[in-house]
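Student: Please take one part of this model and go through it closely, with the cut-off for each term. Then set that part in the context of the rest of the chain.

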Amino acid sequence: MFKLALNAGHGYETAGKRCLKSIDPKETREYELNRRICDKIAEILGGTDIKIIRIDNGKDIPIRSRAAMANTGDADLYLSIHHNAGIRGGAGGGIEAYVYPNVDAKTLNWQRILYNATVAATGLRGNRAQPLRSADFGELRLTKMPAVLLECGFMDSTTDTPIILGDDFAQKVANAVSEVIIVKSGVKRNDTAKKTNEQLADEVIRGLWGNGAERKKRIAEHAQPVRVDFCHSIR
């Protein structure tokens with residue numbers, strides 16, 4: 001069974017973590033934005049055999065405690081959802097994905113594919129020169145499994161903030177993240193829906209299905225059968 005440690009960063013009362021008032025008069029708190037995406041991811045993955053280890057509870061849990069929960073739960077992936085700041089009321093921003101410095105190829109692959117999927121789904125590429133980043137964040141350093149921290153746009157950007165406040169943005173991020181995890185983990189969906197061959201081709205191109213014999217086997221399990229006109233095929 002694949003286990004996902006899912007964390008919505010910070011808590012409701014974490015000081016300073018909120019949207020810029022001049023852009024969002026409600027000063028929506030970062031935890032609310034983080035939680036909304038995580039709730040949607042958990043809802044989607046509830047239709048699979050993936051086990052969710054939910055790390056957050058609305059309070060500002062210490063980083064060491066969050067990492068310990070993931071480690072004790074023997075998670076296969078630690079995913080932390082955040083929203084960024086630093087534009088100071090200017091334009092630009094975009095999604096960023098962080099890992100710990102000098103991690104293995106498996107973690108880098110998770111980082112790249114999660115970033116590409118969320119940007120493709122939301123269009124929130126922004127103007128960050130290095131959106132695939134590494135940093136000595138406690139969540140990434142103290143966890144024992146592949147760990148990725150997604151910054152889902154900037155809360156003080158005139159470009160990003162109106163987008164990230166929309167409920168459709170949270171759903172798009174959740175859909176993209178969930179699809180990556182479902183495909184890369186290799187778990188079977190509890191429903192019987194099959195993907196179209198066009199959908200599979202797109203995911204193979206994006207690197208979600210791995211390589212070699214294992215990729216061939218997994219694709220065969222999910223693809224719709226191809227109908228062939230015999231007379232046409234021999235012309």
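**One residue and its surroundings**

Tutor: T161 is part of helix 5, which covers residues 161-164. Helices here are DSSP runs of H or I with at least four residues, strands are E runs of at least two, and both are numbered from the N terminus. The model is predicted, so local features need a pLDDT of at least 70 and side-chain atom pairs a pLDDT of 80 or more, while totals for chains, interfaces and linings use all residues. Numbering starts from 1 along each chain as its sequence is written, and side-chain values use heavy atoms, with hydrogens and water left out.

T161 has a relative accessible area of 0%, so T161 is buried. The classes are buried (under 20% relative accessible area), exposed (over 50%) and partly exposed (in between), with a 1.4 Å probe and protein chains only. A polar atom of the T161 side chain lies 3.3 Å from the backbone oxygen of F154. With neighbours within four places in sequence set aside, T161 has contacts (heavy atoms within 4.5 Å) with C19, I23, D24, F154, M155 and D156.

For a contrast in accessibility, take A121, which sits in helix 3. Its relative accessible area is 33%, so A121 is partly exposed. Beyond four places in sequence, A121 is in contact with K172 and A176. A121 and N175 are 54 residues apart along the chain, and their C-alpha atoms are separated by 8.2 Å.

Next comes the loop between strand 1 and helix 1, where H10 is found. H10 counts as buried because its relative accessibility is 18%. Its phi is near 70°, a positive value in a residue other than glycine. Most residues other than glycine have a negative phi. The side chains of H10 and H82 make a polar contact at 3.4 Å. Such a contact is a pair of N or O atoms within 3.5 Å; within protein, one must be able to donate a hydrogen and the other to accept it, and residues adjacent in sequence count only if both atoms are side-chain atoms. Not counting residues up to four places away in sequence, H10 touches K17, E30, Y31, N34, K59, D60, R66 and H82. At 53% relative accessibility, D74 counts as exposed.

H10 also belongs to the lining of the largest pocket, which holds about 290 Å³ of space. H10, K17, E30, H83 and E151 are the closest to its centre among the 19 lining residues. Strand 3 (77-84), helix 4 (138-142) and strand 6 (147-154) each give two or more residues to this lining, and strand 3 has the largest share, three residues. A pocket is found on a 1 Å grid over the protein atoms alone: it is an open set of points where a 1.4 Å probe fits, with protein on both sides within 12 Å along at least five of seven lines, and lining residues have an atom within 4 Å of a point. Grid points are joined across faces, edges and corners, and the volume is the space filled by probe spheres set on the points.

Of its 235 residues, 46% are buried. Among contacts with a separation of 6 or more, 79% join residues 24 or more positions apart.
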